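Welcome! Here is a short tour for anyone opening this model for the first time. Have a look at the picture, then read on.

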Amino acid sequence: MRALVVDHSEAGPVRFADVDEPVPSAGEALVEIRHIGLNFGELNYVDQWPAGAVHGHDAAGVVVRAASDGSGPPEGTRVAVGMAPHAWAERVAVSPASLGTVPEGVGLADAAALGIAGVTPFRVLRTRSLLARNVLITGASGGVGHFAVQLAALAGARVTALVGSPERAAGLRELGADKVLTDLAETGDRFDLVLDTVGGPLVAQAWSSLAEGGTIHLVGYSSGQESTFPSGTLFGFGEPRSIATYGDMTPTSGELTDLLGLMAAGRLSAPVGLRGDWRDVDDAVQALFARKVHGKAVLDVA
């Protein structure tokens with residue numbers, strides 16, 4: 001079968017290859033993949049995976065063989081695959097712990113946009129009550145950012161979306177952002193929670209805008225730059241502030257189910273900014289790297 005595998009050469013980060021058919025264990029379902037969801041991190045930092053391995057973590061498709069131990073969804077079920085290894089292939093063996101059943105009314109392509117981009121902000125934003133709290137989402141025009149803005153607004157937060165340019169601000173107010181900024185200096189607000197996807201100097205800027213008792217959650221570092229804190233800025237009086245890292249790779253089935261339910265109810269939309277054929281994956285990767293995609297890139301498996 002065909003799959004996208006890790007390529008460490010200059011032609012990478014992925015290439016097509018013929019690979020062996022997956023052989024599910026007793027606790028795995030065989031899923032025929034219809035759509036894959038690309039993520040900036042797994043493509044930009046491809047050196048973290050072995051060359052030749054089937055790449056990707058997010059996809060959506062149909063169960064063609066249920067797990068033989070009786071766990072998980074039955075044959076014919078439409079499913080989202082979230083944060084599972086080796087997902088960018090025509091067929092994938094997946095534990096039910098990484099599957100969410102796609103309800104009627106939700107397209108499989110939209111379901112493929114979940115996974116890393118949806119589960120990450122979902123897990124971070126429910127760590128505390130957000131009702132009437134000030135929340136800052138950095139890199140808000142990306143896949144994680146689009147979901148984060150919507151989820152924070154659903155939780156009752158006052159949402160500020162920070163983007164890299166005015167062109168990348170489109171549609172964020174409609175998703176629930178109360179303010180859309182291109183520079184933190186544009187506001188004097190203090191934030192109870194910051195979900196940061198950018199890293200670099202922006203982390204120190206966000207720290208200066210953090211309210212007492214507030215937390216910055218670091219979920220990405222798309223800037224690729226170092227974070228440096230001026231002398232004395234990490235000292236302060238009042239309720240302690242904190243910086244939290246994120247690396248939660250625990251099973252995603254529960255969160256996928258909740259997110260798909262919100263989508264089915266019309267309360268959450270999939271931020272698909274680029275849709276195409278997986279044969280054009282090189283073009284999609286370059287668009288992601290050039291910051292030309294607002295939201296997620298989802299490719300159809302031909």
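Let's start with Ser209, which sits in the loop between α6 and β12 (210-218); helices (H or I, at least four residues) and strands (E, at least two) are DSSP runs, numbered from the N terminus. This is a predicted model, in which local features need pLDDT of at least 70 and side-chain atom pairs count only at pLDDT 80 or more, while totals for chains, interfaces and linings use all residues. Residues are numbered from 1 along each chain as its sequence is written, and side-chain values use heavy atoms, with hydrogens and water left out.

**Ser209 and its surroundings**

- Ser209 is buried, with a relative accessible area of 11%; buried means under 20%, exposed over 50% and partly exposed in between (1.4 Å probe, protein chains only).
- Leaving aside neighbours within four places in sequence, Ser209 is in contact with Leu184, Asp189, Arg190 and Phe191, where contact means heavy atoms within 4.5 Å.

**Pockets**

- On a 1 Å grid over the protein atoms alone, a cavity is a set of points where a 1.4 Å probe fits but cannot get out, whereas a pocket is an open set with protein on both sides within 12 Å along at least five of seven lines. Lining residues have an atom within 4 Å of a point.
- The largest pocket has a volume of about 1,200 Å³; grid points are joined across faces, edges and corners, and a volume is the space filled by probe spheres set on the points.
- Which residues lie nearest the centre of the largest pocket? They are Phe40, Gly41, Thr197, Gly220 and Ser222, out of 46 residues in the lining.
- Two or more lining residues come from each of α1 (40-44), α3 (116-125), α4 (143-154), α6 (201-208) and β15 (296-300).
- By class, the lining of the largest pocket divides into 21 nonpolar, 19 polar and six charged residues. Here Ala, Val, Leu, Ile, Met, Phe, Trp, Tyr, Cys and Pro count as nonpolar, Asp, Glu, Lys and Arg as charged, and the others, Gly among them, as polar.
- The second largest pocket has a volume of about 160 Å³. Its lining has 13 residues, with Pro22, His86, Arg91, Val92 and Ala93 nearest the centre.
- Nine nonpolar, one polar and three charged residues make up the lining of the second largest pocket.

- Val92 lies in strand β6 and counts as buried, at 3% relative accessibility.
- Beyond four places in sequence, Val92 is in contact with Pro22, Ala29, Leu30, Val31, Ile33, Pro85, His86 and Ala87.
- His86 belongs to the loop between β5 (78-81) and β6 (91-94) and is partly exposed, at 43% relative accessibility.
- The phi of His86 is near 60°, a positive value in a residue other than glycine.

**Nonpolar cores**

- In soluble globular proteins, nonpolar side chains tend to be buried together.
- A nonpolar core is a set of buried Ala, Val, Leu, Ile, Met, Phe, Trp, Tyr and Cys residues joined through side-chain atoms within 4.5 Å.
- The largest such core has 44 residues, of which Leu125, Val135, Ile137, Val149, Leu172, Leu195 and Leu260 touch the most other members.
- The largest share of this core, six residues, comes from α4.
- Another core, of 35 residues, lies apart from it and includes Val14, Ala17, Val63 and Ala89.

**Aromatic pairs**

- The structure holds five aromatic pairs. Rings of Phe, Tyr and Trp (its six-membered ring) pair if their centres lie within 6.5 Å; planes under 30 degrees apart count as stacked, over 60 as edge-to-face and the rest as tilted.
- One of them is the edge-to-face pair of Phe40 and Phe289, 5.8 Å centre to centre with 80° between the planes.
- This pair links distant parts of the chain, with Phe40 in helix α1 and Phe289 in helix α8 (residues 281-289), 249 residues apart.
- Phe235 and Phe237 also pair edge-to-face, with ring centres 5.3 Å apart and planes at 80°; both residues are exposed.

**Backbone details**

- The peptide bond from Gly12 to Pro13 is cis, with omega near 20°, and Pro13 is found in the loop between β1 (2-6) and β2 (14-18).
- Arg291, in the loop between α8 and β15, has a phi near 60°, a positive value in a residue other than glycine.
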